[in-house]
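Thanks for asking me to look this one over.

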Amino acid sequence: MQLLVASPRINHTEHDLWRHSVILTFETQSGHMGFIMNQAVANIDHDNISSLYGVGRLPVNRVYCGGPVLTQRCTIIHTPEYSVSGTKRVGESAAITFNTSIVEDIVSGRGPENYKIMLGFCQWRRGQLDQETAQTGGWLTVPATPLIWGNYKRKDKLWRRACESGALLATDAFLNTVGTQAY
């Protein structure tokens, strides 16, 4: 699993959905799928979810725009220690569940340790994501970290932390190569 982090070039586009986005991605049979982990939906809250999406009454929590595909679908992305029928593990640090039993478990305190309510998701055909990340000034990639589960009030806060995490990893990798060279 990896995070796609919007580069400065993407942050200067007119598409607010992608500006400062941090997207948790994972491989599927047909390509890649992902969820924007820091794009709160402004015009809907947990109260609206039960009536609009029929998923049951959720506790007070932010609702996120997971991406532009199937925005009429509500998904819970969560830490993988929780699993019921219909849960699909999507890597070491996340799983997704589409059914109402997770909502009941969250309300009763038996749900996952961390979760986010998502409307929609991102999707790339096979090879498409590789092309987008190979473009200069496109998406940056960093390994997924527990930072994604934070409930940040500002979209750019998770983005900044993901950038810092990527910079630290790149610095460590560089320093490891310098230390191994003989002079």
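1. To begin with the surface: what does the accessible surface of the protein chain come to, and what share of it belongs to carbon and sulfur atoms? The total is about 10,000 Å², and 52% of that belongs to carbon and sulfur atoms. Please keep in mind that this is a predicted model, and that every value below is computed from it. As for the interior, 42% of the 183 residues in the protein chain count as buried.

2. Next, the overall layout. The protein chain has five helices and nine strands. Followed along the sequence, these elements run β-α-β-β-α-β-β-β-β-α-β-α-β-α. Contacts across the sequence deserve a mention here too: taking those between residues at least 6 apart, 64% join residues at least 24 apart.

3. Now the aromatic rings, where the count comes to three aromatic pairs. Trp18 and Trp139 make an edge-to-face pair, with 6.0 Å from centre to centre and 85° between the planes.

4. Are the two tryptophans buried or exposed, or partly so? Trp139 counts as buried because its relative accessibility is 10%, under the 20% limit. Trp18 has 24% relative accessibility, so this residue counts as partly exposed. Elsewhere, Phe26, Phe35 and Phe121 come together as one aromatic cluster.

5. Two rings have a charged side chain over the face. Arg73 sits over the face of Phe98, at 3.8 Å from the ring centre. Lys116 does likewise with Tyr64, at 4.6 Å from the ring centre. If you plan to look at charge and ring together, these are the two places I would open in the viewer.

6. On to the salt bridges. Side chains of opposite charge can pair when their charged atoms come close. The structure holds four salt bridges, and one of them is between Arg110 and Asp105, whose closest N and O atoms are 2.7 Å apart.

7. Which residues does Asp156 pair with? One partner is Arg154, at 3.1 Å from N to O. The other is Arg160, with the closest N and O atoms 3.3 Å apart. Asp156 and Arg160 are four residues apart in helix 5 (residues 155–180), so about one helical turn separates them. Through these shared partners, Arg154, Asp156 and Arg160 are joined into one network.

8. Asp156 has 14% relative accessibility and so counts as buried. Arg154 counts as exposed because its value is 53%, and Arg160 counts as partly exposed because its value is 43%.

9. A word on the cysteines. How many disulfides does the structure hold? The number is zero. Cys74 counts as buried because its relative accessibility is 9%. Cys163, by contrast, has 25% relative accessibility and so counts as partly exposed.

10. Finally, a look at Leu17, which is found in the loop between helix 1 and strand 2. Leu17 has a relative accessible area of 23%, so this residue is partly exposed. Which residues is Leu17 in contact with, leaving aside its neighbours within four places in sequence? They are Ile36, Gln39, Cys65, Pro68 and Lys155. Pro68 is 51 residues away from Leu17 along the chain, yet their C-alpha atoms are separated by 8.6 Å.

Key: Residues are numbered from 1 along each chain as its sequence is written. This is a predicted model: local features need pLDDT of at least 70, side-chain atom pairs count only at pLDDT 80 or more; totals for chains, interfaces and linings use all residues. Side-chain values use heavy atoms; hydrogens and water are left out. Rings of Phe, Tyr and Trp (its six-membered ring) pair if their centres lie within 6.5 Å; planes under 30 degrees apart count as stacked, over 60 as edge-to-face and the rest as tilted. Buried means under 20% relative accessible area, exposed over 50%, partly exposed in between (1.4 Å probe, protein chains only). A charge sits over a ring if NZ of Lys or CZ of Arg is within 6 Å of the ring centre and within 35 degrees of the ring normal. Helices (H or I, at least four residues) and strands (E, at least two) are DSSP runs, numbered from the N terminus. Contact means heavy atoms within 4.5 Å. Accessible areas come from the Shrake-Rupley method with a 1.4 Å probe; for residues, only the protein chains shown count as cover. A disulfide is a pair of cysteine sulfur atoms within 2.5 Å. A salt bridge is a side-chain nitrogen of Lys or Arg within 4 Å of a carboxyl oxygen of Asp or Glu.
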